[in-house]
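Open the model in your viewer and get ready to select residues by number. We will go stop by stop.

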Amino acid sequence: MDFSFLHKTTSILILALISFLFLLFQASNASIHTYDNNPFRDVGNSALLPGGSEGLAASLDGARSFIRFENVTFWRTKAAADEHSEMEHSTGLVQVVIFEAADRNNIGGSAYGGQRSICCTPDLAKLEGCKQGEVIRMPSATDINWPIVLNVQFSGNYLSTKMDNVDVPITKTGMYNLFFIACDPKLKGLVMSGKTIWKNPNGYLPGRMAPLMNFYVYMSLAYVVLSVIWFIQYVRYWKDILQLQHCITAVITLGLFEMILWFSEYANFNNTGIRPVVITTWVVTVGAVRKSLTRLLILCVSMGYGVVRPTLGGLTSKVLLLGATYFLASELLDITEFVGTISDISGRARLFLVLPVAFLDAFLILWIFTSLSKTLEQLQAKRSSIKLDIYRKFSNALAVTVIASVIWIAYEILSMSDGRVLGSLLLSGTFLPLPCYVLFAICGPHLRTPKGTPTRRKWEKNMMKKLSL
């Protein structure tokens, strides 16, 4: 395998990580969507500003789910304001549009099958019956009151206008989007400040994150059980511990630490609505280290390290380089996805950064299964039936994990494209135990080592003799 590309990839990722962290730590973000003179951008025949996108659950008895607007203020340019007199009333319209992802086609329209427009044009006014100069809205098939459109008017020649503080109740579970739209071309250069609060019945966590808070509790318990079993054996045979078993201990410790940190971060996020950048960066860094070590551990076990071969030989530097590259790629992706992230839908940066991780995962899977195949052939040739049976079970566990991962990715893409929140919530929770499952599979062959130093020396001598055959 050619590893030259890893050196270039690692250098690029290091520079990208340093630059990204420098920009990231300029401010702290919160689950409450804040807008600080955010500019509108031209989209088709409208000026548009995305306000957020989150999964929200329907209101429960005694617990409300809502989107709240607080101190939302729109500012137009002085040139736009000077076109009107002080006595005029409606001198510019900004519309606040809230819709469920399933109803995204209910916003906008097209005349004679042409390009889709957000704002009503003279032709669309005749065809659709919409009001010229306003957002085209068609009632939802499930609720005629949705999508929600709130109007905010400029008055006279004032530079700004403030939206009333209102709550929009959520009565149906779904993925909701918020947009601020201006159809008046004279409002070019419009900016907005203020905040919106998106609240689920049980707290501030967005829809896709909410089920994970309790799930991290179960994952922590799973790691505690594994840790107790492993550390009992670790203490019993501490004189005979192999280097690989130190790595397994480190991965288990990091896994437990990561689950506890994630739960703490989510609990704080849910209760306060604040997601500090430093804390979340620390959590994702621990996770990136754990993921990198886990993959290297699986690769080493697949090569037979600690079971059928005493060292990795000349492959050590290549394995370490691959691990460092994967850590950098994973760190960049997780920082983009989690640090300061509020909305449930990630931007284009995540789609770009997921490619190196996907490529490295594919490369690792190829290397792991190639090494496993060679190790199984070696064990079969030596007729090591016990080790052969262990490695076959390990191979099956890895195959199940890879298949489950592919199914999860396919379903996740389908769920998000269709705006189905519940499916993606369930799949997010289902996918997380897979690393723990693989870790159990790794620990199985290494839970016991030969008792006593003489036994171990004899075991190592026999293994070296077999490898030399």
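This tour starts with the whole protein, walks across a sheet, and ends among the helices.

**Stop 1: the whole protein**

Show everything as a cartoon. Keep in mind that this is a predicted model. The protein has 12 helices and 12 strands. Of its 469 residues, 48% are buried. The protein exposes about 23,600 Å². Carbon and sulfur atoms supply 63% of that area. Residues 24 or more positions apart account for 79% of them.

**Stop 2**

**Stop 2: the hairpin of strands 3 and 4**

Three bridges join strand 3 to strand 4, and the two run antiparallel. Pick Arg41, then find Leu48 opposite in strand 4. Two residues lie between the strands of this hairpin. Click Gly44 there: its phi is positive, near 65 degrees.

Now colour all of strand 4, residues 46–56. This strand is mostly covered, with 10 of its 11 residues buried.

**Stop 3: across to strand 10**

How many bridges link strand 4 and strand 10? There are nine, in the antiparallel sense. Select Leu56 and look for Gly174, which stands opposite in strand 10.

**Stop 4: strand 6**

Move on to strand 6, residues 92–100, which pairs with strand 10, residues 174–182. This antiparallel pairing runs over six bridges. Val97 has Phe179 as its bridge partner in strand 10. Glu100 stands opposite Tyr176.

Strand 7 also pairs with strand 6. Seven bridges join the two, which run antiparallel.

Is strand 6 enclosed or open to the outside? Nine of its nine residues are buried, so strand 6 is largely enclosed by the rest of the structure. Show the side chains and check both faces. On one side are Gly92, Val94, Val96, Ile98 and Glu100. On the other are Leu93, Gln95, Val97 and Phe99. Both faces are covered.

**Stop 5: a nonpolar patch**

Select Val217, Tyr218, Leu221 and Phe263. Together they form a nonpolar patch with about 380 Å² of accessible area. Which helix gives the most to the patch? Helix 4, residues 210–236, does, with three residues. Phe263 sits in helix 5, residues 243–272. Its relative accessibility is 32%, so Phe263 counts as partly exposed.

**Stop 6: Thr280**

Finish in helix 6, residues 277–302, by selecting Thr280. Thr280 is buried, with a relative accessible area of 0%. Leave out residues up to four places away in sequence, and Thr280 touches Glu265, Arg275, Phe338 and Val339. Last, draw a line between the C-alpha atoms of Thr280 and Asp334. These two residues are 54 residues apart in sequence, and 9.7 Å apart in space.

Technical notes. Residues numbered from 1 in each chain as written. Predicted model: local features only at pLDDT ≥ 70, side-chain atom pairs only at ≥ 80, totals over all residues. Heavy atoms only, no water. Pairing = 2+ DSSP bridges. Helix = DSSP H or I, 4+ residues; strand = E, 2+ residues; numbered from the N terminus. Buried < 20%, exposed > 50% of the residue type's maximum accessible area, 1.4 Å probe, protein only. Contact = heavy atoms within 4.5 Å. Areas by Shrake-Rupley, 256 points an atom, 1.4 Å probe, with all protein chains shown as cover. Patch = residues over 30% accessible without salt bridge, like charges linked within 9 Å, V, L, I, M, F, W, Y side chains within 5 Å. Salt bridge = Lys/Arg side-chain N within 4 Å of Asp/Glu carboxyl O.
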